[in-house]
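Please find below a colleague's note on the structure shown here. The points are numbered so that each can be taken up separately.

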Amino acid sequence: MEYQLCPSILSADFNRLGEQIQTLERQGLKWLHIDVMDGDFVPSISFGMPVIQSIRKESNLFFDVHLMITEPERYIQDFAACGADSITVHAEACEDLERTVNRIRDAGMRVGISVKPATPVNEISYLLHNIDMLLIMTVQPGFGGQEYIEDSTEKILQARQMLKDEGADIPIQVDGGIDEKTLPIVLEAGASWIVAGSYLFCGDLAQNVEKARRIMNRYTEKI
Ligand code: DX5
Ligand code: ZN
């Protein structure tokens, strides 16, 4: 299993975004988690294409774009054009989830499906063979810095079982409330792609990445 630490720039200092991305690259990380919010699917608004396009010029990180927007299908070409490597959409946000997944793939990107805390994972089981990852939200989507929802651990275990039953060899990504206390819990439950925002960006970024890496190294050598 490939493990990845995916820093979420939602908690970055946008006045120093380029510098902070360079720090992540120097630390040897490969992924950048980019949260796009529309003020409709979630209450908050974050940022969109111009920011992604701008950081794409300076970074070779894998851009993991998490769309918390209603009907994301409308914007697939735009996100492809501004440099997304992967797009994750919410099952709850799409009128036709399968068509949306196919369109992302047709646009040449990897594709993930995300479920909110109240959405059972088995609702998307019919698409498991058509996606590259399953994102389990471990907080309500919309804001950084929230507390991990305890029930998520059981949901990760259920997802792991479902993937096994379906013979689908895709990673489970988790997003929200990950810190030094919850990181071992989600890894133990079966998550391998770990999004972390405030845990990494609040305080010294390089040191925080090292701390997270040390915890993850107990599970793998691959990050
Ligand atoms: C929340 C976003 C997350 C957010 C996580 O809706 O999808 O990616 O940045 O923030 P933390 O790690 O601070 O909970
Ligand atoms: Zn996210």
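At its relative accessibility, does Asp-204 count as buried, exposed or partly exposed? This is settled in the first point.

1. The model is predicted, and the remarks that follow should be read accordingly. Asp-204 counts as partly exposed, because its relative accessibility is 39%. The residue belongs to the loop between helix H7 (198–201) and helix H8 (205–217). Between the C-alpha atoms of Asp-204 and Ile-52 there is a separation of 23 Å, the two residues being 152 apart along the chain.

2. The sheet is open and consists of eight strands with parallel pairing, in the order E1-E8-E7-E6-E5-E4-E3-E2. Strand E1 (4–7) and strand E2 (31–37) each have a single partner strand, so one side of each of these edge strands lacks a neighbour in the sheet. From one strand to the next, the twist averages 25°.

3. E1 runs parallel to strand E8 (residues 193–196) and is joined to it by four bridges; within E8, Trp-193 is the bridge partner of Gln-4.

4. The zinc ion (ligand 2) is coordinated at 2.0 to 2.3 Å by His-33 through NE2, Asp-35 through OD, His-66 through ND1 and Asp-175 through OD. The site has six donor atoms, with angles of 69 to 168° among them, and is octahedral. For comparison, the ideal angles for six octahedral donors are 90 or 180 degrees. Along the chain, the donors of the zinc ion (ligand 2) have the spacing H-x1-D-x30-H-x108-D. Distant parts of the chain are linked by the pair His-33, in strand E2, and His-66, in strand E3 (residues 62–68), which are 33 residues apart.

5. Which accessibility class applies to the histidine donors? His-33 has a relative accessible area of 0% and is therefore buried. His-66 is likewise buried, because its relative accessible area is 0%.

6. Three aromatic pairs are present in the structure. One of them is the tilted pair of Phe-14 and Phe-47, with 5.6 Å centre to centre and 55° between the planes. Phe-14 lies in the loop between E1 and helix H1 (17–26), and Phe-47 in the loop between E2 and helix H2 (49–56), so the pair ties together parts 33 residues apart in sequence. As to accessibility, Phe-14 counts as partly exposed at 40%, whereas Phe-47 counts as buried at 12%.

7. Two further points concern aromatic rings. Trp-31, Phe-62 and Trp-193 form one aromatic cluster.

Definitions and conventions
Residues are numbered from 1 along each chain as its sequence is written. Chains are lettered from A and ligands numbered from 1 in the order in which they are written. This is a predicted model: local features need pLDDT of at least 70, side-chain atom pairs count only at pLDDT 80 or more; totals for chains, interfaces and linings use all residues. Side-chain values use heavy atoms; hydrogens and water are left out. Two strands pair if DSSP finds at least two bridges between them. Helices (H or I, at least four residues) and strands (E, at least two) are DSSP runs, numbered from the N terminus. Axes are lines fitted to C-alpha atoms, for helices over the stretch in contact, and angles run from 0 to 180 degrees between N-to-C directions. Donors are N, O and S atoms within 2.8 Å of the metal (3.2 Å for Na, K and Ca); water is not among the atoms, so sites may look incomplete. Four donors count as tetrahedral if all angles lie between 85 and 135 degrees; four count as square planar and six as octahedral if opposite donors are over 155 degrees apart and all others between 65 and 115; anything else is irregular. Buried means under 20% relative accessible area, exposed over 50%, partly exposed in between (1.4 Å probe, protein chains only). Rings of Phe, Tyr and Trp (its six-membered ring) pair if their centres lie within 6.5 Å; planes under 30 degrees apart count as stacked, over 60 as edge-to-face and the rest as tilted.
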